[in-house]
Amino acid sequence: MSDEPGIPATPAGSTGGPVGPHPEPIRFFGTTWLNHDNGYTARRIGVALGSLATAVVSCLVLRLAYQGLRIAAIGSFVTLLMVVMFAICSALAFRHTWGGFTRRPDPDRQASLRSLLTIGFVGSLLAYFFRSLTEAPGEKLQREEYEAARRHHAKRTTRRSGNPSKKRRRA
């Protein structure tokens, strides 16, 4: 295995492909993000449209929930509290999801924010939509890790050339 997180390496004795780190697949894109081939652009368009459509449908569902609160006549304070809660949770979920595209999230923090991210799902969907307009969500992070793993692998596997007995001694 590679020293880099999420970058598996092929064992030296295996057959069936090049030795070294392999790109980690991204959800909906597989490894097409590496060379932008095999329908990468169509996938990006599909992911952008899918996440936007899901966000719109989610907002309609939230609108129905809001109307249910109004019909129940539970009071304007509780209704306002629910709207503010969804707005704040969506903003925090957007920020957290957007930041997760450029750095690996801390698993403990991720677990503690799970309920907030669930409530603010619209923000996460919008972050996914906006990121997919420019690249596959998480592509920049994956590319940086993959290139670092390749450099590390190349550095480890380069062999010294020449006869070691003719090596000049340092004075």
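**Pockets and helices of the predicted chain**

The lining of the largest pocket receives at least two residues from each of H1, H2, helix H5 (121-132) and helix H6 (139-157), where helices (H or I, at least four residues) and strands (E, at least two) are DSSP runs numbered from the N terminus. The structure is a predicted model, in which local features need pLDDT of at least 70 and side-chain atom pairs count only at pLDDT 80 or more, whereas totals for chains, interfaces and linings use all residues. Residues are numbered from 1 along each chain as its sequence is written, and side-chain values use heavy atoms, with hydrogens and water left out.

The space in this largest pocket amounts to about 660 Å³. Among the 23 residues that line the largest pocket, Arg-27, Thr-97, Phe-101, Tyr-128 and Pro-137 are the closest to its centre. A pocket is defined on a 1 Å grid over the protein atoms alone, as an open set of points where a 1.4 Å probe fits, with protein on both sides within 12 Å along at least five of seven lines, and lining residues have an atom within 4 Å of a point. Grid points are joined across faces, edges and corners, and the volume is the space filled by probe spheres set on the points. The largest share of the lining of the largest pocket is that of H1, with four residues. By class, this lining holds 11 nonpolar, nine polar and three charged residues, where Ala, Val, Leu, Ile, Met, Phe, Trp, Tyr, Cys and Pro count as nonpolar, Asp, Glu, Lys and Arg as charged, and the others, Gly among them, as polar.

The second largest pocket has a volume of about 250 Å³ and is lined by 13 residues, with Arg-95, His-96, Arg-103, Arg-109 and Leu-113 nearest its centre. At least two residues of the lining of the second largest pocket come from each of H2 and helix H4 (114-119), and H2 gives the most, with five residues. The lining of the second largest pocket is made up of five nonpolar, three polar and five charged residues.

The protein chain as a whole has six helices and zero strands, and along the sequence these follow the pattern α-α-α-α-α-α. Of its 171 residues, 30% count as buried, a class that means under 20% relative accessible area, while exposed means over 50% and partly exposed in between (1.4 Å probe, protein chains only). The protein chain exposes about 11700 Å², of which carbon and sulfur atoms supply 61%; accessible areas come from the Shrake-Rupley method with a 1.4 Å probe, and for residues only the protein chains shown count as cover. Of the contacts (heavy atoms within 4.5 Å) between residues at least 6 apart in sequence, 66% join residues at least 24 apart.

According to the unreviewed UniProt entry, the annotation "transmembrane region" covers residues 45-64, 71-93 and 113-130; such annotations may be inferred rather than shown by experiment, and their positions are given in the numbering used here. In the model, residues 45-64 are 100% helix and 0% strand, and their end C-alpha atoms lie 29 Å apart. For residues 113-130, the corresponding figures are 89% helix and 0% strand, with the end C-alpha atoms 22 Å apart.

Most residues other than glycine have a negative phi. Asn-38, however, has a positive phi of about 55 degrees although it is not a glycine; Asn-38 lies in the segment before helix H1 (40-72) and counts as exposed because its relative accessibility is 62%. Ala-73, likewise not a glycine, has a positive phi of about 50 degrees and is found in the loop between H1 and helix H2 (76-100), where its 64% relative accessibility means that Ala-73 counts as exposed.

Gly-68 lies in helix H1 and is partly exposed, with a relative accessible area of 35%, and its C-alpha atom is separated by 10.0 Å from that of Thr-79, 11 residues apart along the chain. Gly-100, in helix H2, counts as partly exposed at 26% relative accessibility; Gly-100 and Gly-138, which are 38 residues apart in sequence, are 7.5 Å apart in space, C-alpha to C-alpha.
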